[in-house]
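Keep the structure open as you read.

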Amino acid sequence: MRHYILTGHDLPKLQLVQSEDPSPGYGEIVVDLRAASLNYRDLLIAQRFSDLVPMSDGAGVVSALGDGVEGYATGDRVVIAFMPKWLDGDFTEAKRASLGGPGSDGVLTERIVVSATGVVRIPDPMTFEAAATLPCAGVTAWSALFERRPVQPGETVLLLGTGGVSIFALQLAKMAGARVIMTSSSNEKLERARALGADHLINYRSVPDWENEVLRLTNGIGADLAVDVAGPATLNKTLKATRLGGRISLMGVLTGFEGPVDTGVLLEKRITLQGIYVGPVATLRALVKTNIAPQIDRIFPFEDAEAAYDALQAAGHFGKLVIRIGE
């Protein structure tokens, strides 16, 4: 089989190599990959690691079963969870140390062995390309909206940007009956977000004090829930744009990992700040059942994986970038 490895050289650091087909162990299955989708974290992994297979999000067909596997058959269409060992319940170190963990081999390969409990069947109408977008971005958006304190009909949700997580969050928030305020630096992307149901649009380049515009749109109250995918450069503005007693789901590091936090506002407004790191297999299963239609910006052939990475780094996409692996 063929697979890519990170070489440790300049981005995108990819080398296509041949290796032996894998065999499943007890409780494992072999999945012939048909599609894989990119996330921003794939750039971070490429900058920090080498000699491993990149990417975490893939979908394909079950081609072999190990001993002890029940409930699956060869030919089943499945999507692989971001962390296959995290089935449900509280997050632990053991659950993190699986496919989506740093330093682990990923899905930019023609064939992979995974735990049978770490995959979810996909419905026949769902394409492999669509399914492959769900494990990280889709599950992260679900967790941001519905984990611990679910968004309610009529609440206002603030979403930053028009990348994969934000677009999934827009679709899911509208399913839940929420009002959505969305920001972007591109009027074209904002209009595409409007077509998906966004209620209010803010171009943060032409309106740099976008937090004040959020307050204006909410009669000075602020958003009930904000989904911050950027991190340090936006968090203090997000705090200002969130209502008293509101909540913020923070999962993005687009602007880095460290920065000052206005703890005074956080405390005075009694805001709940929740860190999000994807979610369990159970959440992926619930997401698949919604029949959500992922927004795919572009699909690249397997042999053009470097071009997909280039497109991700250029950040001009709306929704998700996908690599088609098999037929």
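Buried means under 20% relative accessible area, exposed over 50%, and partly exposed in between, with a 1.4 Å probe and protein chains only. Helices are DSSP runs of H or I with at least four residues, strands are E runs of at least two, and both are numbered from the N terminus. Contact here means heavy atoms within 4.5 Å.

The model is predicted: local features need pLDDT of at least 70, side-chain atom pairs count only at pLDDT 80 or more, and totals for chains, interfaces and linings use all residues. Residues are numbered from 1 along each chain as its sequence is written, and side-chain values use heavy atoms, leaving out hydrogens and water.

Now the cores. A nonpolar core is a set of buried Ala, Val, Leu, Ile, Met, Phe, Trp, Tyr and Cys residues joined through side-chain atoms within 4.5 Å. The largest one holds 67 residues, and Leu 145, Val 157 and Leu 158 touch the most other members. Helix H4 (residues 134-146) gives this core its largest share, eight residues. Another core, of 36 residues, lies apart from it; Tyr 4, Val 31, Tyr 72 and Ala 311 are among its members.

Take Leu 158 on its own. Setting aside residues up to four places away in sequence, Leu 158 touches Ile 181, Thr 183, Trp 210, Val 214, Ala 223, Leu 225, Ala 226, Val 227 and Ala 241.

Next, a loop residue. Asp 76 sits between strand S4 (57-65) and strand S5 (77-80). Is Asp 76 buried or exposed? Asp 76 counts as buried because its relative accessibility is 18%. Its side chain reaches the backbone nitrogen of Ala 73 at 2.8 Å. Beyond neighbours within four places in sequence, Asp 76 is in contact with Gly 60, Val 61, Val 62, Gly 71 and Arg 121.

Finally, the whole chain. It has eleven helices and 15 strands. Its radius of gyration is 20 Å, close to the 20 Å that the globule rule gives for 327 residues, so the chain is as compact as a globular protein of that length. That radius is taken over C-alpha atoms, and the rule is 2.2 Å times the number of residues to the power 0.38. Buried residues make up 54% of the 327 residues.

Conventions. Polar contact = N/O pair within 3.5 Å; in protein donor to acceptor, adjacent residues only side chain to side chain.
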